[in-house]
Amino acid sequence: LTLFRANGGGDGPEDVNAALASAIHSQPWDSAQNTLRLVFLVGDAPPHDDYDGPKSWELAARAREKGIIINTVQCGAMGGTANAWKRIAQVAGGAFDAISQDGGVEIASTPFDGELSELNRELAGTVISYGSKRARARSKAKMARRSSLDSSRGAAAAAYNAKAGRMNNEDLLTQLGDGKVKLDALDEGSLPEPMKKMSKHGRKTYVDKVKAKRAAVKEKILALSQKREAFLEAEKKRGGKESEFDDRLMKNLATQAAGIDVAY
């Protein structure tokens, strides 16, 4: 959950096929029979089927051969997109839907958002940017954008990461948790400046301290998030509007999961 600002665009077809090829061939798909393999293609412009290489419908056929369903969601009403999206979904055994350009998403606010937003900033403050100089700069930029989110988006971001149990890929605690690095064998050149001056014992003490702080912040977020979700559910029952995109996604997911005897 990051703050994005869109600009440019309006130039017609996009390289959709590169994304499809990556999704179909570069992901570690589980080959078990009772596994639901899904791709959601969401976009507002048709594919560049004039480029060399497999066409969108050919990629869709390859997906189906691998047991991968492609659901397509058209955003907006750019000419040519609907036909291309429908064809991809049909060939790959998926569903087509069209939604408004912004996805029909309404940002819901709750009485818990202010506190959760502050906890989101605290959570961002526990990120130890690790990696190349460029990676560390990228991490800092992500956390700066995260800290600038308004209260509703900040609340949602906090809830998401607290439940996921991880932060961004450049975060040292996340990398340690994923087993990508070891605390006693850290690359000094990949550390943030303050940690470079620490001894190995000092680094361990510092990491343990930040880890404990994150755990405490996460606990608060999870408790408040339960209250926030209960509030939103009550509002929905009183007639609040659901996200158009989420509604379509869940309906398709429930239908397609039933094919492998999984209920949502």
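This is a predicted model: local features need pLDDT of at least 70, side-chain atom pairs count only at pLDDT 80 or more; totals for chains, interfaces and linings use all residues.
Student: Why is Gly154 called buried?

Tutor: Its relative accessible area is 0%, and the cut-off for buried is under 20%, so Gly154 qualifies. You'll find Gly154 in helix H6. Neighbours within four places aside, Gly154 is in contact with Leu116, Ser117, Asn120 and Leu149. Arg121 is 33 residues from Gly154 in sequence, with 8.0 Å between their C-alpha atoms.

Student: And what makes Phe40 partly exposed?

Tutor: Phe40 comes out at 28% relative accessibility. Buried would need under 20% and exposed over 50%, so Phe40 goes in between, as partly exposed. Phe40 is part of strand E1. Setting aside residues up to four places away in sequence, Phe40 touches Asn71 and Leu249. With Leu249 the sequence gap is 209 residues, and the C-alpha atoms are separated by 8.7 Å.

Student: Which class does Met198 fall in, and why?

Tutor: Met198 has a relative accessible area of 23%, so this residue is partly exposed too. Met198 sits in the loop between helix H8 (193-196) and H9. Apart from neighbours within four places, Met198 is in contact with Arg203 and Tyr206. Glu188 is 10 residues away along the chain, and its C-alpha atom is 9.8 Å from that of Met198.

Student: Now helix H3. Which of its residues are buried, and how do you know that they are on the same side?

Tutor: The buried ones in H3 (residues 81-91) are Thr81, Ala84, Trp85, Ile88 and Ala89. Around the axis they span an arc of only 130°, which puts them on the same side of H3. On the face turned away from that buried side are the exposed residues Asn83 and Gln90.

Student: What do the buried residues of H3 pack against?

Tutor: Their partners are helices H1 (16-25) and H2 (56-65), along with strands E1 (37-43), E2 (68-75) and E3 (96-99). Just after H3 comes Gly93, with a positive phi of about 70°.

Student: H1 and H2 also pack against each other. What makes that pair roughly parallel?

Tutor: The angle is about 10°, with the axes 10 Å apart. On the H1 side, the contact uses Asn17, Leu20, Ala21, Ile24 and His25; H2 brings Ser56, Leu59, Arg62 and Ala63. By class, this contact of H1 with H2 has five nonpolar, three polar and one charged residues.

Student: Last pair: why are H6 and H9 oblique?

Tutor: H6 (residues 151-164) and H9 (residues 200-237) pack at about 120°, axes 9 Å apart. Roughly perpendicular covers 65 to 115 degrees and roughly antiparallel starts over 145, so this pair is left as oblique. H6 passes H9 in a left-handed crossing.

Student: Which residues meet there, and how do they divide by class?

Tutor: From H6 you have Ser152, Ala155, Ala156, Ala158, Ala159, Ala162 and Lys163, meeting Lys218, Ile221, Leu222, Ser225, Arg228 and Glu229 of H9. By class, the contact of H6 with H9 has seven nonpolar, two polar and four charged residues.

Notes
Residues are numbered from 1 along each chain as its sequence is written. Side-chain values use heavy atoms; hydrogens and water are left out. Buried means under 20% relative accessible area, exposed over 50%, partly exposed in between (1.4 Å probe, protein chains only). Helices (H or I, at least four residues) and strands (E, at least two) are DSSP runs, numbered from the N terminus. The arc is that of the directions from the helix axis to the C-beta atoms. Contact means heavy atoms within 4.5 Å. Axes are lines fitted to C-alpha atoms, for helices over the stretch in contact, and angles run from 0 to 180 degrees between N-to-C directions. Angles under 35 degrees count as roughly parallel, over 145 as roughly antiparallel, 65 to 115 as roughly perpendicular and the rest as oblique. A crossing is left-handed if the near helix is turned anticlockwise from the far one by less than a right angle, and right-handed if clockwise. Ala, Val, Leu, Ile, Met, Phe, Trp, Tyr, Cys and Pro count as nonpolar, Asp, Glu, Lys and Arg as charged, and the others, Gly among them, as polar.
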